[in-house]
Amino acid sequence: MDTESTHSGYSYHSSRSGRSNRHGDRSRERHKASSSKDSSRSERSVIINPPDTPSQDSPTDMKDDNWGETTTAVTGTSELSVSQEEVVGLGKGIQDRTQGFRRYLPLAVGSCVGLLVLATPLVFLLLPAAMWPDRLQACGAACEGLFLSISFKLLILLVAIWALFLRSGRASLPRVCVYRAFLTTLTLLLTMSYWLFYGVRILDAQDEDYHGIVQFAVSLVDSQLFVHYLAVVLLELRQLQPCYSVCVIRSTDGETRHYNIGQLSIQRAALSILEYYYRDFPLHNPALLSAAKHRAAKHLAGLKVYNVDAPGSTAGAQPGNGNQSRAMVTAATKRKDSAHNELYYEEADYERRVRKRRARLVVAVEEAFTHVRRMKKEDERATPSDIMDVREAALAIFPSMARALQKYLRTTRRQHCHSMESIQKHLAFCLVNNMSPKAFLEAYLAPGPTLQYGPERWMADQWTLVSEASVTSGIKEGTEFLLKCLDFSLAVTVKNIPYIRLTEEYIDPKSHKFILLLQSETSV
């Protein structure tokens, strides 16, 4: 029977499928032969084979969707075996090391270039004195004054390099900054040019004019100071003047902000926008979005469609079934049309419950703070050994407001944003600084910016920049890009700030003077 069913299943397929199966068998045989040759060639090679392609004569293989769980690792020798989890962990470890390398690479390159810039003038001064000291001319007062000048210039250059370049990176950008690469290249070209001139005209000729050598080193330091001034202009001053207005929209809840930025590249503009996001946008709360999804699913589940012309129904029962089905479809349609009423009453009930919970919370917090003030007055008359610590006082009054605060946070769906430890810490901070109950409640009555909460609450620690244009190109009118994270994304649109033409209109101070004439007699 099994053989007959198998052959009957094959009868539905064309001869072309049979040829493809035979071709697949030949390719698998060749693959096995090549794999055996590779294993004999290198016994330590690891080959991870996916499961075989489901054949047409085994329908049970087509139902197996968990093929990733049954993947096996075939090795050339029994001494080495690698699981899939170990391979994934190895890839993550390599990625983490790569990210750390990319984070500290600019700092390392800047440090090397800075050391080269600062050491080159000193080497220019020390090499002649070390190689041919007997032939050098005496250094007079003017030469010694140049020593003083080059010392202070190198000190200023050292501080300037430390302030501008030797700073910890705020973020890891996908591409290298064009201006930084240009300035680094310019600095290296300048230094190498001075080194070539120094080697040909001074080292080879063993110049005896030490005063000229010192002036040459001073000119190098002056050139490096001008390059640093150019770096300040390109990296810091150029982007200060606002040129563009960007609109940032969060994809999940439509939260929108507008910012003015200067002339930046796309990746630098994305970094500035993310800094603004953590400062200005309220914390992303997916719990507020689940209510709308649940409401939409409920309305879709309430709409039922029936087959009026069912083939299994009898002729006499068809009219009755058809009328009943049409009546149920009409009722479901009316229910769908009244969805706005349900939404209105649902939002009204939600606002009523929020106001109720808020009133209970405000009363509980005010009573707790009143109790603290009363206990503070009693502690002034008590002995020092009986005075409570601020942390102990916060722990003592927290249970009186904990239930009301927990219910309010659950009603507003923000209970995951505040832990009990953070609430107690904030309460102790308010008690130490003698704050009012309203100041304590301000952190819980309204959602604050993202930076107000801990990094574990941000729900976005790694961002992906999606842009059609190159991320190193500058932004312009109509530039659009996307900042994606795990749960949501930020859509950014760039527009030019309009050119404003302001004119002046002069008003003569004497033109708006008038005289008020009052009559001595008035009508009664």
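Me: What should I know about the numbering and the model before reading on?
Reply: Residues are numbered from 1 along each chain as its sequence is written. This is a predicted model, where local features need pLDDT of at least 70, side-chain atom pairs count only at pLDDT 80 or more, and totals for chains, interfaces and linings use all residues, while side-chain values use heavy atoms, leaving out hydrogens and water.

Me: How many helices and strands does the chain have?
Reply: Helices (H or I, at least four residues) and strands (E, at least two) are DSSP runs, numbered from the N terminus. On that basis the chain has 14 helices and seven strands.

Me: How many nonpolar residues are in the contact of H6 with H7?
Reply: Contact means heavy atoms within 4.5 Å, and the residues that meet include Phe-182 and Leu-186 in H6 and Phe-216 and Leu-220 in H7. Ala, Val, Leu, Ile, Met, Phe, Trp, Tyr, Cys and Pro count as nonpolar, Asp, Glu, Lys and Arg as charged, and the others, Gly among them, as polar. Besides five polar residues and one charged residue, the contact of H6 with H7 has a nonpolar count of 17.

Me: Is Thr-187 buried or exposed?
Reply: Thr-187 lies in helix H6, and touches Val-113, Val-117 and Val-227, not counting residues up to four places away in sequence. Buried means under 20% relative accessible area, exposed over 50%, and partly exposed in between (1.4 Å probe, protein chains only). Because its relative accessibility is 14%, Thr-187 counts as buried.

Me: Which residue's backbone oxygen does the side chain of Thr-479 reach?
Reply: Thr-479 is in the loop between strand E5 (464-467) and strand E6 (480-484), and is buried, with a relative accessible area of 9%. A polar contact is a pair of N or O atoms within 3.5 Å; within protein, one must be able to donate a hydrogen and the other to accept it, and residues adjacent in sequence count only if both atoms are side-chain atoms. At 2.9 Å, the side chain of Thr-479 reaches the backbone oxygen of Lys-476.

Me: What is the relation of H12 and H13 to each other?
Reply: The axes of H12 (residues 390-411) and H13 (residues 420-432) come within 9 Å and cross at roughly 125 degrees. The residues of their contact divide into 15 nonpolar, one polar and two charged. The two helices, H12 and H13, are therefore oblique.

Me: How many Å apart in space are Cys-417 and Gly-454?
Reply: Cys-417 is in the loop between H12 and H13, and is buried, with a relative accessible area of 7%. Cys-417 and Gly-454 are 37 residues apart in sequence, while their C-alpha to C-alpha distance is 8.8 Å.

Me: Where does Asn-434 lie?
Reply: Asn-434 has a positive phi near 55 degrees, in a residue other than glycine. At 58% relative accessibility, Asn-434 counts as exposed. Its place is the loop between H13 and helix H14 (437-445).

Technical notes: Axes fitted to C-alpha atoms, helices over the stretch in contact; angles between N-to-C directions. Parallel < 35°, antiparallel > 145°, perpendicular 65-115°, else oblique.
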